[in-house]
Amino acid sequence: MLKSMTGFGNATVEAGGLSVTAEVKTLNSKFLDIYCRIPRQFSDKEIELRAFLTQKLERGKVELSLNLARTNAIRPGVTINRPLVLAYVSDLKETANTMLMSIPDSDVLQLALQQPNAYLTESADPTADNSDWETVQAAVQEAIRRCDAFRRQDGAVLENKFQEYIQIITDRLADVEEQDVKRIPAVRDRMRNSVKELLDSETFDQNRFEQELVYYVEKFDISEEKVRLKNHLSYFLEVLSTEEANGKKLNFISQEIGREINTIGSKANDATIQRLVVQMKDELEKIKEQTMNVI
C-alpha cells in the first residue's frame with residue numbers, strides 16, 4: 001500500500017504527575033529532513049528521537065514538537081537553608097544594635113539571603129527522570145503511529161487517483177490504436193505517390209528508393225511504441241498493488257511511459273493522434289506530480 005509523505009499525528013500521555021503532548025507533522029521532501037522542538041531537559045535524547053523518527057517515517061520533512069506539563073505538586077529544586085539564614089538575621093540585628101542603627105526587618109532578611117550557603121540545591125532524582133523519559137517515549141510513539149495511519153489513508157486516496165489516471169491513458173491508447181487503423185491507408189497512399197514519382201523520374205535511383213522506403217516505414221510505424229506503452233501501463237499498476245511501491249519507482253516508470261507517448265506523437269504525423277497524445281501527456285503530468293508526494 002502506498003504512503004503519502006503528508007501526515008499529522010498527536011498524542012497526550014499522562015503518568016507519574018507528568019503530562020506529555022507530542023505532535024508529529026510531515027510534508028514533502030526529496031530526502032528525510034527532521035526538525036525537533038523539545039524541552040531543554042531532554043536535549044540529550046534528541047539523537048535517540050531522530051533515530052526513531054528515521055526508522056518509522058522513512059522520508060519527508062518531519063517536525064516533532066514536545067510539550068510537558070506537571071499535573072501534581074512540584075517541589076522546587078532550590079530551597080532556603082533556614083537555620084543558617086536565621087543565624088545570619090540574628091547576627092545582622094545584633095551588629096546593627098551594637099552600632100546603634102535601625103534597619104527594617106525586610107532589609108535584614110534580604111541581606112541574610114545574600115550570604116553564602118543561604119540556599120540548598122536538591123540533587124536530581126534519576127528514577128523520576130527515567131519515568132519522565134518513558135512517558136515522553138510513549139507519547140512520541142503514539143503520535144508517530146497516528147501520523148503513519150494518516151499517511152496510509154492519504155496514500156490510499158493517491159492509489160485510486162493513479163489507477164484513474166492510468167485508465168484514462170489506457171483509454172486514449174485504445175483510441176490511438178483505432179485511429180492508427182484509419183491512418184495506415186493515408187500513409188500508404190502518400191508512400192505510393194512518392195514511389196510513383198520516383199519510378200517516373202528519369203534519374204530514378206534504386207538505392208535511394210530503398211532508403212526512402214525504409215525511412216517512411218520506420219518514421220510512421222508506431223506498433224512497437226504502442227506495445228511498449230501498454231506494457232509500461234500494466235507494469236505501473238502491477239507495482240502499485242505491491243508492497244514495494246514507492247514514489248521513486250513509480251516516477252521512473254512514468255518517465256518510460258512519457259518516452260513512448262512522445263515517440264508516438266512524433267512518429268504518427270496525424271492530427272487526431274496528436275490530440276490524443278496531448279490528453280495522455282496531461283494525465284501523465286498528474287501522475288508525475290503525485291509521485292512526488294509518495295514515500
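Is D132 buried or exposed? D132 is buried, at a relative accessible area of 4%. Buried here means under 20% relative accessible area, exposed means over 50%, and partly exposed lies in between, with a 1.4 Å probe and protein chains only.

Some ground rules. This is a predicted model, where local features need pLDDT of at least 70, side-chain atom pairs count only at pLDDT 80 or more, and totals for chains, interfaces and linings use all residues. Residues are numbered from 1 along each chain as its sequence is written, and side-chain values use heavy atoms, leaving out hydrogens and water.

Salt bridges next. Side chains of opposite charge can pair when their charged atoms come close. The criterion is a side-chain nitrogen of Lys or Arg within 4 Å of a carboxyl oxygen of Asp or Glu. The structure holds 19 of these salt bridges.

Back to D132. Its salt-bridge partner is R70, with the closest N and O atoms 2.7 Å apart. R70 sits in strand 4 (residues 60-70) and D132 in helix 4 (residues 126-200), so this pair ties together parts that are 62 residues apart in sequence. R70 is partly exposed, at 40% relative accessibility.

Stay in helix 4. R183 and D180 form a salt bridge, 2.6 Å from N to O. Both residues lie in helix 4, 3 residues apart, about one turn of the helix. R183 is buried, with a relative accessible area of 3%. D180 is buried too, at 6% relative accessibility.

Q141 is located in helix 4. Q141 counts as partly exposed, at 41% relative accessibility. Which C-alpha distance separates Q141 and L53? They are 88 residues apart along the chain, and their C-alpha atoms are separated by 9.1 Å.

On to helix 8, residues 271-291. There E283 pairs with K286 in a salt bridge, the closest N and O atoms being 3.4 Å apart. The two are 3 residues apart, about one turn of the helix. E283 is buried, with a relative accessible area of 7%. K286 is partly exposed, at 30%. Elsewhere, salt bridges that share partners join E224, E225, R228, E260 and K267 into one network.

What else does E283 touch? Leaving aside neighbours within four places in sequence, E283 is in contact with Y165, I168 and I169. Contact means heavy atoms within 4.5 Å.

Last topic: helix packing. Two packed helices are described by the angle between their axes and the distance between the axes. Helix 2 (residues 82-98) and helix 3 (residues 105-113) pack at an angle of about 125°, with their axes 9 Å apart. That makes helix 2 oblique to helix 3. Angles under 35 degrees count as roughly parallel, over 145 as roughly antiparallel, 65 to 115 as roughly perpendicular, and the rest as oblique. The axes are lines fitted to C-alpha atoms over the stretch in contact, and angles run from 0 to 180 degrees between N-to-C directions.

Which residues meet there? From helix 2 come V85, Y88, V89, L92 and K93. From helix 3 come D105, V108, L109, L111, A112 and L113. These contact residues divide into 9 nonpolar, no polar and 2 charged. Nonpolar covers Ala, Val, Leu, Ile, Met, Phe, Trp, Tyr, Cys and Pro; charged covers Asp, Glu, Lys and Arg; the others, Gly among them, count as polar.

Key: Helices (H or I, at least four residues) and strands (E, at least two) are DSSP runs, numbered from the N terminus.
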